[in-house]
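Hi,

Here is the structure I promised to pass on.

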Amino acid sequence: MGLLFESDGTPYVMWGDNKIKLEKTPITEEFYVNKAKTELRETKENVEIGLRDLRELLKREANLVVPIDDDEFLLKFLRPSKFYAESAFKKIQAYYKFRLTHKDYCRDLYPSAVRLAFDHSVVSILSPRDQHGRRIMFVESGERWNPRHVPLREVFRGVQLGLESAMVEPRTQVCGVSVILELKGLSFSQIMQFTPSFAKMVVDWIQDCIPIRLKGVHIVNQPYIFNMLFAIFKPFLREKLRSRIFFHGTDRKSLLNHIDGDALVQRVGGSLPDDGISGEVMWTMMHHYEESFRRAASYGYITNNNNK
């Protein structure tokens, strides 16, 4: 399954009858317009006020370099904050302070520097949207993940890059993302890769920093020893995120109660062929946008004044 290109140069791939690509165009479809209005308060007036007020807040934030005049950039934070400028501003602060605090995990977040997790197809976010318009991120955390080939650090960097690509899509900003963690064959040696400090970092990132509407984390095919791994993360979970974590085991119907089979591969109960879009193809598609990723990676707090 190879990469194809639209007449304007936009890369895409066909998966069955589905054309999969990064959807960066503005929202026009009634489904998304109505969802944005009813769930996110997205009206012309609220958009204008939100953009204006967020710009004013950002102008006063010393040492933060972001494209303050770029509406698309600001909307990436305003939509999941329901157009409350103060909330969006706090999300921007948290997002870039996280990058400053965790440089080893966050530096050089662009495709040419983040490849391992995709070469080994550990992370994928290219599939049809589900019935709610959500993107599906699929993370291989069990037998298909070999930490010797793809260290945990590179898995997290791959997840970050995958979600970075989803964050620029207006439809994903509105509808959100669901994550599926495939844990078949999870081993004790894999669990030993995780530490409480890593777990806290990831949970903090999800709960406080990333401007994504995370609508569900679906854990499938988990063995009994997964309880050891979940125990590392559990102390850091607040109720909102904890309530969106679903444990399905091998119960295919349980997962299908949340996500239509049209957006899932056959091995987790869906109708899509298991030999889907490889991580390599996904990486090639993202690499098409290398310059955009590099530009996004250049934003943040400068550190020559009190290391703010």
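Below is what I found, going from the whole chain down to single residues.

A word on the ground rules: this is a predicted model, where local features need pLDDT of at least 70 and side-chain atom pairs count only at pLDDT 80 or more, while totals for chains, interfaces and linings use all residues. Residues are numbered from 1 along each chain as its sequence is written, and side-chain values use heavy atoms, with hydrogens and water left out.

**The whole chain**

The protein chain has 15 helices and 10 strands (DSSP runs numbered from the N terminus: H or I of at least four residues for helices, E of at least two for strands). A compact globule of 308 residues would have a radius of gyration near 19 Å, and the chain agrees, with 19 Å (taken over C-alpha atoms; the rule is 2.2 Å times the number of residues to the power 0.38). Along its principal axes the C-alpha trace spans about 50 × 45 × 35 Å.

Buried residues make up 52% of the 308 (buried is under 20% relative accessible area, exposed over 50%, partly exposed in between, with a 1.4 Å probe and protein chains only). The accessible surface comes to about 14600 Å², and carbon and sulfur atoms hold 50% of that (Shrake-Rupley method, 1.4 Å probe; for residues, only the protein chains shown count as cover). Of the contacts with a separation of 6 or more, 77% are between residues 24 or more positions apart (contact means heavy atoms within 4.5 Å).

**Strands**

Strands of a sheet pair through backbone hydrogen bonds, either parallel or antiparallel. You can find both kinds here. An open sheet of 3 strands runs in the order 1-2-3 with antiparallel pairing (two strands pair if DSSP finds at least two bridges between them). Its edges are strand 1 (4–5) and strand 3 (18–20), each pairing on one side only. Strand 1 meets strand 2 (residues 11–15) over 2 bridges, and Phe-5 stands opposite Pro-11.

For the parallel kind, look at strand 7 (residues 177–182). It is largely enclosed by the rest of the structure, because 5 of its 6 residues are buried. Strand 6 (residues 135–140) pairs with strand 7 in the parallel sense over 6 bridges, with Glu-140 opposite Glu-182. Strand 7 also pairs with strand 8, again parallel and over 6 bridges; there Val-177 has Leu-214 as its bridge partner.

**Helices**

Helix 10 (residues 196–209) has 14 residues, which should span 20 Å at 1.5 Å a residue, and its end C-alpha atoms agree at 19 Å apart (the expected span is 1.5 Å times one less than the number of residues). Its buried residues include Phe-198, Trp-205 and Cys-209. Among the elements covering them are helix 4 (85–101), helix 7 and helix 11 (226–233).

In helix 7 (residues 152–167) sits Ser-165. Is Ser-165 buried or exposed? It is buried, at a relative accessible area of 2%.

**Two loop residues**

Phe-83, in the loop between helix 3 (71–78) and helix 4, has a positive phi near 65° although it is not glycine. Phe-83 is buried, at 5%. Asn-221, in the loop between strand 8 (214–220) and helix 11, has a positive phi too, near 60°. Asn-221 counts as buried at 10% relative accessibility.

Cheers
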